[in-house]
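Okay, thanks everyone, I'll keep this short. Have a look at the model on the screen and then I'll walk you through a few side chains.

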Amino acid sequence: MNHLIRIALFAMVACSLVLASSCSKDKALQPVPPTLCDTVSPSFANEIHPIFIANCAVGGCHTQADQANGFQYETYQGVINVVNLGDRLVNAINHRPGVTPMPFGGPQLPDSLIKKIECWIANGALNN
């Protein structure tokens, strides 16, 4: 009988080790999905410029006619001028301290749009 107890005990320990080593919560075994920025570079003409037109140039703000604070978003050159200032644009659309939150007087842009703009900038802010 003592022999059967040892075998049962050995089987339980072996099963415990197998189960512990195959934990489904082991993050090292789960692939990390790529971010949008790793796989796609947003197009200025098709994705980025429409965001600025709808949210920044709407109502006469940030247009060529009324360059609020000297910024206009109706053209690529106007947008890239702001991008070239550093993090000001990204900080404003993320409503970070130290800058005026944009869109002015409105809610923060959805995260998906902010990520597209950030990705476009990270990929060189191309006029594509």
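So, Glu 118 makes a salt bridge with Lys 115, and the closest N and O atoms sit 3.5 Å apart. This is a predicted model, by the way. Both Glu 118 and Lys 115 are in helix α6, 3 residues apart, so to speak about one turn of the helix. Lys 115 is exposed, at 52% relative accessibility.

Glu 118 has another partner: its side chain is joined to that of Asn 94 by a polar contact of 2.9 Å. Where is Asn 94 found? In the loop between α5 (88–93) and α6 (111–122). Asn 94 counts as buried, with 19% relative accessibility. Setting aside neighbours within four places in sequence, Asn 94 is in contact with Gln 108, Ile 114 and Glu 118.

Back to charges. How many salt bridges does the structure hold? It's 2. Besides the Glu 118 pair with Lys 115, there's Lys 116 with Glu 47, at 3.4 Å, N to O. Lys 116 lies in α6 and Glu 47 in α3 (residues 44–55), so this pair ties together parts that are 69 residues apart in sequence. Lys 116 is partly exposed at 26%, and Glu 47 is partly exposed at 26% too.

A search of the whole structure turns up 0 disulfides. Cys 56 is buried, at 11%, while Cys 61 is partly exposed, at 37%.

Technical notes. Residues numbered from 1 in each chain as written. Predicted model: local features only at pLDDT ≥ 70, side-chain atom pairs only at ≥ 80, totals over all residues. Heavy atoms only, no water. Helix = DSSP H or I, 4+ residues; strand = E, 2+ residues; numbered from the N terminus. Buried < 20%, exposed > 50% of the residue type's maximum accessible area, 1.4 Å probe, protein only. Polar contact = N/O pair within 3.5 Å; in protein donor to acceptor, adjacent residues only side chain to side chain. Contact = heavy atoms within 4.5 Å. Disulfide = S-S within 2.5 Å. Salt bridge = Lys/Arg side-chain N within 4 Å of Asp/Glu carboxyl O.
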